[in-house]
Amino acid sequence: MCARRRELRREDWLGLARDLSSAGKQVVLSAQVLLESEADLRQLRHLIDDGSFLIEANDLGAIGLLRGASARVPAELMALQRIPFVAGPHLNIYNEATLAFFAGLGAVRWVPPLEMSRERVAQLHAGRPAGLATEVFAFGRMPLAFSARCFTARHVGLNRDDCEYRCMEHPDGLELSTREGQEFLVINGIQTQSARRHTLLAEMSDIADLNIDAVRISPQSHHCLEIIAAFAAARDGQSVTAAPEWSPEGYANGYWHGTAGINLESPKGHDVKDIQR
Amino acid sequence: MPIATVPDLVCPAGGLPALKAAVDNGANSVYCGFRDATNARNFAGLNFDRKTLAEGLRHAHAAGANVLVAINTYPQAGRIDEWHRAIDVAAELGVHALIVADMGLLAYASRRHPSLRLHLSVQGSATNYEAINFCHREFGVQRTVLPRVLTLAQVEHLVKHAETEIEVFAFGSLCVMNEGRCWLSSYATGESPNTVGACSPAKYVRWDNKPAGLEARLNGILIDRYGAGEKAGYPTLCKGRFEVSGATYYALEEPTSLNVLPMLPELARIGVAAIKVEGRQRSPAYVAKVTRTLRAALDALRVEGEDFALRPAWQADLSRLAEGQQVTLGAYNRPGGNGGRLGNAERTGIGSARAEPCRCGHGGCQGCSEPWRPARHCAGAAAVLLVAHGCAGFLCRHCAVGGRYRVYRRNGVRAPPRTAPRGLAGPGS
């Protein structure tokens with residue numbers, strides 16, 4: 001388990017969530033993608049038992065816990081136990097049957113896998129079970145892969161369990177370039193991310209037309225508030241463009257347009273300037 | 001003293017000849033898939049149709065072996081029927097089990113074919129017992145294939161708490177990512193294991209002979225460049241050399257193969273039900289050799305029990321078949337480590353073993369994962385120092401089998417190994 005996860009204790013996270021909640025924000029606690037240790041499970045059990053906030057499940061283990069597993073609930077009650085949750089982007093919901101399955105377990109919102117195209121998202125969104133909201137990953141470095149390795153610690157030649165928190169020196173990760181200098185990926189702890197930020201800012205009017213319920217902005221150490229403001233403006237129909245300094249490595253939106261995720265395609269039929277309605 | 005049970009040997013079959021090779025060389029089960037996007041090894045020229053699968057089943061059943069069919073990609077929206085048909089055909093032909101990852105498909109299979117055995121695919125990304133037990137309760141899943149990200153201690157903990165059998169990878173190409181949750185391939189090419197059943201698909205690979213060296217590209221992205229004398233490998237995205245903060249190295253994963261041979265007694269002891277060989281894309285000859293070697297080791301373990309001794313010939317055979325001719329114990333042997341980083345450290349050869357474990361994560365013997373205690377394990381002349389990936393690792397007397405592992409040295413990208421390692425290479429990933 002990454003020791004940095006213990007920097008903020010459970011009570012700290014819940015305290016932050018309460019602060020945000022009392023400021024009028026809806027808080028969702030996103031659970032880990034890679035649950036591997038008993039400590040990971042224990043932490044999640046406590047957050048679920050606390051019950052104050054919606055949990056986003058990104059692993060079947062979280063689903064199992066949400067279903068009241070671990071012999072804490074008598075078997076005959078299991079079918080009745082439906083704690084509402086968000087089905088995260090790493091639950092691998094690629095089709096209508098799986099979407100219906102998670103909705104049946106109590107999902108109130110789902111996030112498609114990042115690699116899913118607009119066409120497929122639109123198709124699943126249109127046919128979604130009643131009461132289920134759809135959220136799309138719309139800005140930020142894409143979490144492309146997860147490993148038991150800490151690539152940051154490995155880069156500096158340290159053990160994962162004795163890492164001196166070296167990742168704190170690189171809040172947005174360490175850039176990984178090809179041998180001809182193409183800025184390609186970013187290693188950040190156990191995650192491998194895209195170097196280019198994914199952005200659907202120019203597609204916001206289309207996303208609004210699709211009646212997608214929410215878009216997700218992945219935080220970064222700089223410009224975060226400007227990015228949020230830009231998406232809020234785009235949602236309200238204003239014409240906005242992504243500033244180059246928000247992503248010096250450039251932008252990508254290929255997944256949304258059905259091509260390689262690294263590509264940057266021009267939005268079809270919806271020029272940025274047309275957003276004004 | 002003989003032991004009661006050893007893990008089943010599950011071997012890959014990319015086609016009928018490989019299936020026969022696996023069965024004839026002692027596999028308890030073979031796993032295979034259909035010739036379409038329903039299986040996660042959807043490579044051109046590979047896999048089965050109804051006719052070849054039926055023939056494979058006849059051959060396997062005659063030898064008392066089982067056939068497992070992997071229908072382990074994620075059906076794409078609006079195309080679920082193709083996956084349902086694959087499940088129905090496999091069930092109709094009487095396969096032993098289906099290997100499935102998608103929740104919707106597990107629900108379909110358990111409802112439509114309630115007596116058919118279900119295994120949770122490695123693509124299902126189950127790394128904890130809550131995930132496994134959920135699939136057991138919901139769908140009656142009877143076996144789980146673990147992603148290659150857990151330590152041996154974590155596997156043991158899982159076996160204790162899981163309500164399904166546990167299958168682990170034993171040999172073959174090493175994936176260090178949590179399988180089923182890796183989009184690196186589609187980021188570069190638009191196609192991923194989850195969507196089309198292939199990682200870094202061959203149709204996107206291009207080789208260019210340039211003055212700087214032989215370049216391997218994936219959809220135009222330079223994955224690696226090989227100098228004269230360097231052995232080029234398939235440009236699987238995560239196994240290329242990249243630059244991070246001025247250092248060029250295998251930043252994600254080295255082109256090594258997993259080999260758990262030295263851990264077989266431990267895997268049997270903790271109750272792992274089956275060990276799996278990766279490689280449905282490999283040749284029948286490869287499958288035959290790996291199967292024969294692991295069968296011999298498992299049979300010896302059954303007979304010898306606690307007296308089981310690793311034969312150097314087995315390790316040598318497997319190392320020759322390994323990717324880059326290097327093998328590793330992978331995450332199983334990771335006492336908090338990360339896998340070594342190829343590169344800068346220049347350390348010593350035989351005779352200068354340090355009392356302190358190096359910081360690479362080699363807490364102990366790389367063979368049996370016993371903590372490194374000079375007095376107890378690696379004392380004296382039998383201790384073998386392995387210089388790999390810029391850091392020193394050790395094999396205890398037991399695993400070194402009389403010091404027959406060759407010591408080798410490797411110094412970053414400028415000096416690739418001239419001598420292929422015969423023994424265990426590199427720290428755990």
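**Exercise 1.** In which sense do strand 6 (residues 174–177) of chain A and strand 11 (residues 242–244) of chain B pair, and over how many bridges?

*Solution.* The model under study is a predicted one. Begin with the two strands, which belong to chain A and chain B respectively, and read their pairing as antiparallel, over 2 bridges. Then place one residue within that pairing: Ser177(A) has Glu243(B), in strand 11 of chain B, as its bridge partner.

**Exercise 2.** Describe the interface of chain A and chain B, going from its extent to its composition and then to its polar pairs.

*Solution.* Step one is to count residues in contact, which gives 75 residues of chain A and 75 residues of chain B. Step two turns to area: the two chains bury about 6,200 Å² between them, and 53% of this lies on carbon and sulfur atoms. Step three concerns charged and polar pairs, where the search across the interface returns 7 salt bridges, together with 45 residue pairs in polar contact, both residues being at pLDDT 80 or more. Step four asks where the chain A side comes from, and its largest share, 6 residues, is supplied by helix 5 (residues 96–105) of chain A. By class, that side of chain A is made up of 37 nonpolar, 20 polar and 18 charged residues.

**Exercise 3.** Work out the strand order of the open sheet of 3 strands in chain B, and identify its edge strands.

*Solution.* The order is 8-9-10, and the pairing is antiparallel. Strand 8 (205–210) and strand 10 (221–226) of chain B are the edge strands, each of them pairing on one side only. On average, and with direction ignored, neighbouring strands of this sheet are turned by 25° against each other. Looking at one of the pairings in detail, strand 8 and strand 9 (residues 213–218) of chain B are joined in the antiparallel sense over 6 bridges, and here Asn209(B) has Leu214(B), in strand 9, as its bridge partner.

How values were computed: Residues numbered from 1 in each chain as written. Chains lettered and ligands numbered in written order. Predicted model: local features only at pLDDT ≥ 70, side-chain atom pairs only at ≥ 80, totals over all residues. Heavy atoms only, no water. Contact = heavy atoms within 4.5 Å. Buried area = accessible area lost by both parts, 1.4 Å probe. Salt bridge = Lys/Arg side-chain N within 4 Å of Asp/Glu carboxyl O. Polar contact = N/O pair within 3.5 Å; in protein donor to acceptor, adjacent residues only side chain to side chain. Helix = DSSP H or I, 4+ residues; strand = E, 2+ residues; numbered from the N terminus. Nonpolar A, V, L, I, M, F, W, Y, C, P; charged D, E, K, R; others polar. Pairing = 2+ DSSP bridges. Axes fitted to C-alpha atoms, helices over the stretch in contact; angles between N-to-C directions.
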